[in-house]
Protein chains: 2
Amino acid sequence: MTDSIKQQRHQARQQRLKTQVDAAVAAATTEKGLLLVITGNGKGKSTSGFGTVARAVGHGLSAAVVQFIKGSWDCGERNLLSQHGVQFAVMATGFTWDTQDKAADMAAAEHVWQQAEQFLSDAAIDLVLLDELTYMVSYHYLELERVERALINRPAGQHVVITGRACHRRLIELADTVSEVQNLKHAFDNGIKAQRGIDW
Amino acid sequence: MTDSIKQQRHQARQQRLKTQVDAAVAAATTEKGLLLVITGNGKGKSTSGFGTVARAVGHGLSAAVVQFIKGSWDCGERNLLSQHGVQFAVMATGFTWDTQDKAADMAAAEHVWQQAEQFLSDAAIDLVLLDELTYMVSYHYLELERVERALINRPAGQHVVITGRACHRRLIELADTVSEVQNLKHAFDNGIKAQRGIDW
């Protein structure tokens, strides 16, 4: 096959692809506030949420972040994004097995959720990241119905990203886009410790 | 079951979990530059890569980003992160089916890859994001062996994140951590258009 024929075939193949993509893009005409869920056991869920915040803020949108679970840790994303007007609400406890006090964890969850509800009712906020919210629902620290209600009643143009393992199926049903991050391999399993800048 | 027994059981369960986690953390003692691969068809790969950059930069680490494929688009992450000293190398063409000129695409890939090689040989850079690199390998725009060589020979402490669909299995073998983002649901499939701040 000569180079010229190869190039023609490449162009034909790419043209077919482009036609398909253009048709799909033309068919997608609705704009609305999206609910994105990023769940699964693999690494990259929270970073994806924070990457979305960085993307939005880089376009001049306003964003707020609620950090459940890992809130009290030193956090590179928070250090950076809070310099750009991103509001943070942070749960006062660390990983729940550090506190081992269910009542205190529930009170902390309740407190930070009230801040989440404020963000979810504020039309001036374009994007709300609910980082690691899923655990609050699966541990029964927060009532599922209450979370659903706040999501359904939020301002029409507001985007929300929920991260965390094992997202409840009813939140998945409510979502517009759902990604499941699977763990194919993890450095930690080979004795490599969690490292600043990569793991937190 | 009384509340006090419930609380005792909760504590016992959490204590077992904490013991397991603490043991795993104690066993993980190695620190080294990690190679992370985020692949799969779902939404959230690039944002996860950029979230990792935001995290690293927020801890005062230095980072560089190479954007293949989507380089020439307006990009919220780039707007934001370039304000924090993150270096960007951007491929000059858009999506490859827009150009439909394989020779021009290959020249653009070659050009930006040379910048990637510079980042990957610079010990002053703590983290390099190779956003959407996988397509360069699967389209044969870049030689796999050359990519492997640059990754293997990089400075010992340097972290690298590779994103994109269908990552070549040899890059997966080389990686320390691999996540596969699966698409459970996507707003685009329901006629919702790509939106600024969320999709780019």
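This is a predicted model: local features need pLDDT of at least 70, side-chain atom pairs count only at pLDDT 80 or more; totals for chains, interfaces and linings use all residues.

Visitor: How many residues of chain B are in contact with chain A?

Guide: 78 residues of chain B are in contact with 77 of chain A. Contact means heavy atoms within 4.5 Å. The buried area is about 7000 Å², with 57% from carbon and sulfur atoms. That is the accessible area (1.4 Å probe) the two parts lose on being put together, summed over both.

Visitor: And how many salt bridges between chain B and chain A?

Guide: Two. The term means a side-chain nitrogen of Lys or Arg within 4 Å of a carboxyl oxygen of Asp or Glu. B:Glu77 pairs with A:Arg55 at 2.7 Å, N to O.

Visitor: What about A:Glu77, buried or exposed?

Guide: Buried, with a relative accessible area of 2%. Buried means under 20% relative accessible area, exposed over 50%, partly exposed in between (1.4 Å probe, protein chains only). Its contacts beyond four places in sequence include A:Trp200, B:Ala54 and B:Arg55.

Visitor: Switching topic. Which residues have the most contacts inside the largest nonpolar core?

Guide: A:Val53, A:Leu81, B:Val53, B:Leu81 and B:Val86, in a core of 43 residues. Such a core is a set of buried Ala, Val, Leu, Ile, Met, Phe, Trp, Tyr and Cys residues joined through side-chain atoms within 4.5 Å. B:Leu81 touches A:Leu80, and also B:Phe50 and B:Val53 among others.

Visitor: Back to charges. How many salt bridges over all chains?

Guide: 16. One of them joins A:Asp199 and A:Lys43, with the closest N and O atoms 3.0 Å apart. The pair ties together parts that are 156 residues apart in sequence. Both A:Asp199 and A:Lys43 are buried.

Visitor: Which residues does B:Arg170 meet in salt bridges?

Guide: B:Glu145 at 3.4 Å, and B:Glu148 at 2.6 Å. B:Arg170 is partly exposed at 27% relative accessible area. B:Glu145 is partly exposed too, at 36%, whereas B:Glu148 counts as buried at 12%.

Notes. Residues are numbered from 1 along each chain as its sequence is written. Chains are lettered from A and ligands numbered from 1 in the order in which they are written. Side-chain values use heavy atoms; hydrogens and water are left out. Helices (H or I, at least four residues) and strands (E, at least two) are DSSP runs, numbered from the N terminus.
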